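The following questions and answers concern the protein shown here. Each answer sets out its grounds before giving the value or name requested.

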Amino acid sequence: MREISRRHIVGLGLGAAAALSVTGCSLSGAGASDTVGTQVGRGKPIGDGSTEFTGKQPHQPPAPEKLEPGQKPPQFVVFSWDGAGEVGNGLFPRFRKLAEDHNASMTFFLSGLYLLPESKKRMYRPPNNRVGASDIGYLSDDHIRATLKNVRAAWLEGHEIGSHFNGHFCGTGHGSVAHWTPAQWDDEIEQAMSFVTKWRTNTGFTDLDPLPFDYSKELVGGRTPCLLGQDNLLPTARKRGWRYDASSPGGLQIWPDKKHGVWNFPLQQMPFPGHSFEVLSMDYNILANQSKNSTKAPPANYPGWRKQAAEAYISGFRRAYETNRAPFFIGNHFEQWNGGIYMDAVEEAFKHIADDKRKDVRLVSFRQLCDWLDAQDPQVLAGLRRLGVGQQFTGRG
């Protein structure tokens with residue numbers, strides 16, 4: 001895998017207040033993990049048999065209950081993963097196991113290109129870019145296999161499979177997703193869905209089980225590369241019946257609302273221990289503040305940075321949990337940047353948040369959060385949205 005050559009910074013800038021946007025979804029590693037064990041009965045094949053309908057998704061929470069006026073809401077936390085490729089570093093199964101241990105659900109934003117062999121890259125026609133171009137690498141056959149196995153197992157374990165689209169084009173040039181039209185976003189989504197639903201034809205693999213879902217119905221949201229292009233994506237998302245978008249950068253820890261009829265779930269500014277400014281709730285954005293975008297900084301810095309990253313996530317959770325109970329969104333990548341400290345920090349924060357002593361915390365996927373929000377009285381949600389960052393919930397509208 002080649003590394004991304006461009007990093008794009010948006011938001012409030014380094015210094016007084018930092019909210020950086022990630023562009024990196026590159027992956028590195030060798031070998032393939034087979035730690036996927038979940039089984040299911042045979043379903044109804046769809047298309048070329050790359051996917052199949054197996055019925056209702058397992059391990060879903062009970063039907064949401066409607067809050068009574070003045071009732072304190074649960075604390076929702078969504079851990080999400082951009083790219084969702086398994087390339088032998090064992091990170092996909094590691095965090096699946098962590099979720100299983102704590103009865104939690106997550107959202108995996110799958111990059112369609114991670115299921116397309118590089119030998120078939122000319123099948124990809126990215127808007128405003130040359131045929132076959134991509135700012136992330138294509139996976140080896142072994143890594144495509146490992147990704148398919150983990151995506152299949154993740155869905156059967158109750159996790160959501162969203163979209164991170166395809167070629168991950170950032171920057172300011174004509175080809176950037178920042179400049180794509182609604183029609184071009186529609187084409188990009190159609191191609192991403194095709195790569196997911198026709199992997200058997202494109203790879204020639206005949207010895208792997210199909211993905212156990214109808215992706216045309218499963219796919220209800222995504223996150224754009226670099227957190228760019230949301231304004232033009234949203235009309236397309238609404239037309240396709242998507243329920244949410246998680247692409248907006250620099251959000252605050254307040255209750256979400258809808259844009260263009262789609263739930264808007266932005267990455268959020270959260271406290272950054274040791275600094276007077278806040279940082280965006282994603283691993284790469286913490287890295288960018290700690291090591292100036294370097295993914296291989298001096299190892300002597302790692303212990304302190306790992307601790308700072310974990311405390312940032314925990315501080316963001318605590319601020320919401322102890323005040324307005326706004327859902328807390330954390331974005332990640334299956335990466336070993338700076339010795340893997342961000343993966344360790346995410347795991348530490350996850351375990352803290354999932355503490356069994358807090359019975360009112362819900363670790364859910366974005367889709368599950370949509371289910372809960374859609375079940376609520378609009379007036380009750382409107383009252384929650386009036387609570388600012390760190391403003392105490394009192395039960396009064």
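Q: How are α7 and α8 oriented to each other?
A: The model is predicted; local features need pLDDT of at least 70, side-chain atom pairs count only at pLDDT 80 or more, and totals for chains, interfaces and linings use all residues. Residues are numbered from 1 along each chain as its sequence is written, and side-chain values use heavy atoms, with hydrogens and water left out. Angles under 35 degrees count as roughly parallel, over 145 as roughly antiparallel, 65 to 115 as roughly perpendicular and the rest as oblique. The axes of α7 (residues 283-291) and α8 (residues 302-321) cross at roughly 135 degrees, and the two helices are therefore oblique.

Q: Which residues of α8 does α7 meet?
A: Contact means heavy atoms within 4.5 Å. On the α7 side, the residues are D283, I286, Q290 and S291. Their partners in α8 are W305, Q308, A309, A312 and Y313.

Q: How many residues of the contact of α7 with α8 are nonpolar?
A: Ala, Val, Leu, Ile, Met, Phe, Trp, Tyr, Cys and Pro count as nonpolar, Asp, Glu, Lys and Arg as charged, and the others, Gly among them, as polar. The contact holds three polar residues and one charged residue. The nonpolar residues number five.

Q: Which elements do the buried residues of α1 pack against?
A: Helices (H or I, at least four residues) and strands (E, at least two) are DSSP runs, numbered from the N terminus. Buried means under 20% relative accessible area, exposed over 50%, partly exposed in between (1.4 Å probe, protein chains only). In α1 (residues 91-101), the buried residues are L91, F92, P93, F95, R96, L98 and A99. They pack against β3 (75-83), β4 (107-110), α2 (141-156) and α9 (337-353).

Q: Which cysteine does a disulfide join to C170?
A: A disulfide is a pair of cysteine sulfur atoms within 2.5 Å, and by this rule the count is one. The S to S distance in the pair is 1.5 Å. The partner of C170 is C226.

Q: How many residues apart in sequence are the parts that the pair of C170 and C226 ties together?
A: C170 lies in the loop between β5 (160-163) and α3 (182-197). C226 lies in the loop between α5 (215-218) and α6 (230-239), so the pair ties together parts whose separation in sequence is 56 residues.

Q: Is C226 buried or exposed?
A: The relative accessibility of C226 is 1%. With this value, C226 counts as buried.

Technical notes:
Axes are lines fitted to C-alpha atoms, for helices over the stretch in contact, and angles run from 0 to 180 degrees between N-to-C directions.
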